[in-house]
Amino acid sequence: MSKIIKVKARQVFDSRGNPTIEAEVFIKNDSAKAICPSGASTGTYEAFEKRDYKNKKYFGKSVLGAIKLINLKISKKLKGESIHNQEKIDSIMINLDGTRQKMKLGANSILAVSMAVKKISAKQKKIPLYKSFLVKKNFKLPYPLMNIINGGAHANNGLRIQEFMIRPDSAKSFTDAMRICFLVIKNLSKLIKNKRLSTSVGDEGGFAPMISNNKQALELIVLAIKKSGFINGKDVSICLDVAANELFKKNKYSIHSKNFLSVDKTINEYKKMIRKYKIKSIEDPFAENDWIAWNKLMKSVNKVQIVGDDLYVTNLERLKKGFLNISSNAILIKLNQIGTVSETLEVIKFAQIIGFKTVISHRSGDSEDTFIADLAVGTNSNQIKTGSLARSERVAKYNQLLRIEEELGKKARMNKIH
Ligand code: PGA
Ligand code: ZN
């Protein structure tokens, strides 16, 4: 009953309209499927995303080659394996690939299969997916980091910082968290309209008004928080993802304006921003290889969450290096940066042992798959970053968390941020 009969993959489309992989794992009388997401501001050290780069039929973006590999090679190798042995299945695929960055099969092929295996295993055991990860009881809901203004590679408005987010710190439940974010977003929408700017949204569902100045975006959010009856920095906190890889040239950064500044000057600007706008979390404040800058920032700020995304790429070796270097106090977790469920869980476990906060994340190109909502609860992760209250591929994750909260009933608790 619990043996894999076959794996079948198909080409489907992601939220940006780009081809991506859906894998379906079959056992006797049942199957489960999973869709792989795709990033835009990717780190150099991420596992490889296999596409038909030379095939111009889909501008080089199709994944037909990867699908063939799943249907022919991976399916054959996994036939007869137990769906409950996730680690073995993942290691079979890792070995079949045989490269450090999953260059042969592609992390997208491997991950789609890996997630589908996890799903069919939970389904066959008749347990909800969130109960199949690390935590077995006392489940906690993550705080949402809602990306309400999009810039950088996720919009074409010229805003330098990629993501301006809010975190409803005073929420007592996930339902409450959603209501707080809802109010701020609706008020922000009104403020943007009053300025005669567009309320159309970027790739992650946040507004993408034609403003190109970080301060303007921050002022708008501060006002929206106030108009909603909340205190900035207490009830609701502003959090940023700078995605500084994109703003780095010759050891200098153009984060705060078009001018490129030294690391020390950039840190000074960060400090002013943190003080003025009560910013509680900054992701990727510096580039992926600038370990010294990360450490300098850690030494010069207090009580601010510093999150490594492109820095760590959900990779255990890089996380260990960052820990020794005192580079951050939190890690962003993206399954497709590393390529299997088992390796992702290993990174989360290690991060939690060393006292890092874990933030489970979507990708800017995502889908209706809600795997990460369950992963956040099932790993006791403090926060989840999955866009704004717009675009169904983003909202789907929030809706799944609402369902999980309902199912947990009186036992449901929010996680701890501080
Ligand atoms: P990406 O962006 O999915 O485009 O990489 C998300 C992020 O940088 O956190
Ligand atoms: Zn990021």
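## A tour by selection

Start with S200, which sits in the loop between helix 4 and helix 5. Keep in mind that this is a predicted model.

**Stop 1: S200.** Show its surface. S200 is partly exposed, because its relative accessibility is 42% and that class runs between 20% and 50%. Now display the residues around it. Leaving out residues up to four places away in sequence, S200 touches G206, F207 and A208.

**Stop 2: R196.** Stay in that part of the chain. R196 also belongs to the loop between helix 4 and helix 5. Check its backbone. The phi of R196 is positive, near 60°, and the residue is not a glycine. Is R196 buried or exposed? R196 is exposed, at 77% relative accessibility.

**Stop 3: the lysines.** Select K186, K190, K193, K226 and K227. These residues form a patch of positive charge on the surface. Colour the helices next. Helix 4 covers 174-194 and helix 5 covers 214-227, and each gives at least two residues to the positive patch. Which helix supplies the largest share? Helix 4 does, with three residues.

K190 is in helix 4. Its relative accessible area is 52%, so K190 counts as exposed; the cut-off for that class is over 50%.

**Stop 4: N29.** Move to the loop between strand 2 (19-27) and strand 3 (30-35), where N29 lies. Look at the backbone here too. N29 has a positive phi of about 70°, yet N29 is not a glycine. N29 is exposed, with a relative accessibility of 72%.

**Stop 5: S361.** Finish on strand 14, which spans residues 357-361 and contains S361. Is S361 buried or exposed? S361 is buried, because its relative accessibility is 4% and buried means under 20%. Hide the surface and show the side chains around S361. Which residues is S361 in contact with, apart from neighbours within four places in sequence? They are L332, I333, K334, I372 and K385.

**Last view.** S200 is partly exposed in its loop, whereas S361 is buried in strand 14. Then bring back N29 and R196. Both have positive phi values without being glycine, and both count as exposed.

Terms used: Residues numbered from 1 in each chain as written. Chains lettered and ligands numbered in written order. Predicted model: local features only at pLDDT ≥ 70, side-chain atom pairs only at ≥ 80, totals over all residues. Heavy atoms only, no water. Patch = residues over 30% accessible without salt bridge, like charges linked within 9 Å, V, L, I, M, F, W, Y side chains within 5 Å. Areas by Shrake-Rupley, 256 points an atom, 1.4 Å probe, with all protein chains shown as cover. Salt bridge = Lys/Arg side-chain N within 4 Å of Asp/Glu carboxyl O. Lys, Arg positive; Asp, Glu negative; His and termini not counted. Charge placed at Lys NZ, Arg CZ, Asp CG, Glu CD. Helix = DSSP H or I, 4+ residues; strand = E, 2+ residues; numbered from the N terminus. Buried < 20%, exposed > 50% of the residue type's maximum accessible area, 1.4 Å probe, protein only. Contact = heavy atoms within 4.5 Å.
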